[in-house]
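Please provide a report on the strand pairing and helix packing of the structure shown below.

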Amino acid sequence: MMTDRRLNEPFKDKVAIVTGGGRGLGKAYAKALLERGARVIVSDLGTSLTGDGADPDVMSEAMHALQVDGGSFITHSGRLDNEDGCQQLVALAIEQFGALDILIHNAGWVGYQPIETQEEEFLDRSLGINVRTPIWLSKHAWAHLKLSPSPRIVLTTSDRAMYQRYAQPGLTAYAAGKMAQVGIMNALSMEGKPDGILVNAISPVAKTRMWGITQPPTDLKPEWVVPGLLYLASSLCQDTGVILRASNGQFTATRFCENPGVTYPTDLARIECASVEDVAHNWPRIKEFGDA
């Protein structure tokens with residue numbers, strides 16, 4: 001029982017925004033927050049698998065699934081790939097609940113397009129939801145988060161962007177957007193330190209509609225990602241600038257770490273070279289990756 005109370009307390013009456021909250025991981029996040037007494041603004045435009053269009057039935061169906069005791073929520077279905085849309089979403093949270101404690105940017109889409117046929121509209125769609133949205137949401141949420149006793153931002157990245165071994169052909173636009181959120185996390189985690197705004201990212205693997213799943217999966221379940229997300233969004237978490245990988249009920253944290261002894265930017269504490277021949281000769285030592 002003590003564990004249950006400790007898990008519930010960080011979210012009691014907290015106000016959270018969850019983007020992409022009408023389906024899959026986002027709906028699982030929103031439901032878990034509501035079950036723990038949070039007040040949640042669930043935003044989802046109901047876009048198609050190609051990232052365009054809008055389907056109001058998505059939020060209508062989500063409303064039934066999210067009716068739980070102890071929490072309250074409102075829905076939002078506006079576009080978030082522009083500043084006005086993001087400002088309106090934050091304003092809605094303040095208007096309805098009077099505060100904002102947690103910002104979870106989960107919305108996104110997976111689209112495949114070979115680099116030789118890459119289209120500007122396709123790229124803009126990916127960069128809109130993955131780059132512009134988290135920046136504009138953070139901009140308009142920032143002043144309100146400063147007033148929270150435990151302000152948290154959780155962004156979403158992907159193993160397919162961070163690790164070359166998991167990359168797939170055709171995912172250049174997707175990888176660019178997901179890797180951008182790591183950079184946004186790093187920058188905001190430093191900018192938020194003076195005000196206690198902790199900014200982290202989750203890299204989830206879960207079988208949702210993006211996998212073409214139509215029935216509840218037997219593995220890689222979205223709900224198995226939820227404990228990690230809840231931790232990053234709660235006052236229990238005291239770290240910032242951390243990426244939490246979550247897959248199949250397992251979790252591991254990672255971040256880009258410097259070599260020991262570095263004095264940036266003047267001394268990388270590594271291999272000195274004065275010519276291209278030096279670099280070629282020392283290449284085996286230069287490329288000593290930590291995962292080798």
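## Strand S5 and its neighbours

Within S5, Arg-152 is the bridge partner of Ile-102. S4 and S5 pair in the parallel sense over three bridges, where pairing requires that DSSP finds at least two bridges between two strands. Helices (H or I, at least four residues) and strands (E, at least two) are DSSP runs, numbered from the N terminus. Between S4 and S5 the chain passes through helix H5 (residues 120–145), and this β-α-β crossover is right-handed; that is, with the strands pointing away from the viewer, the path from the first strand over the helix to the second runs clockwise.

This is a predicted model, in which local features need pLDDT of at least 70 and side-chain atom pairs count only at pLDDT 80 or more, while totals for chains, interfaces and linings use all residues. Residues are numbered from 1 along each chain as its sequence is written, and side-chain values use heavy atoms, with hydrogens and water left out.

On its other pairing, S5 runs parallel to S6 and is joined to it by five bridges; Thr-156 stands opposite Ile-202 in S6. Strand S5 (residues 152–156) is mostly covered, with five of its five residues buried (under 20% relative accessible area; exposed is over 50% and partly exposed in between, with a 1.4 Å probe and protein chains only). Arg-152, Val-154 and Thr-156 point one way from S5, whereas Ile-153 and Leu-155 point the other way.

## The sheet as a whole

The eight strands form an open sheet with mixed pairing, in the order S3-S2-S1-S4-S5-S6-S7-S8. Its edges are strand S3 (72–76) and strand S8 (250–254), each of which pairs on one side only. Strand S1 (residues 15–19) pairs in the parallel sense with strand S4 (residues 102–105) over four bridges, and Thr-19 has His-105 as its bridge partner in S4.

## Helices on the sheet

Helix H2 (residues 24–35) lies across S1, strand S2 (39–43), S3, S4 and strand S6 (198–205), and runs at about 165° to S1. Axes are lines fitted to C-alpha atoms, for helices over the stretch in contact, and angles run from 0 to 180 degrees between N-to-C directions. Helix H4 (residues 83–97) packs on the sheet, touching S1, S2 and S3; contact means heavy atoms within 4.5 Å.

The buried residues of H7 include Tyr-174, Ile-184 and Leu-188. Those buried residues pack against S4, H5, S5, helix H6 (159–162), S6 and strand S7 (243–247).
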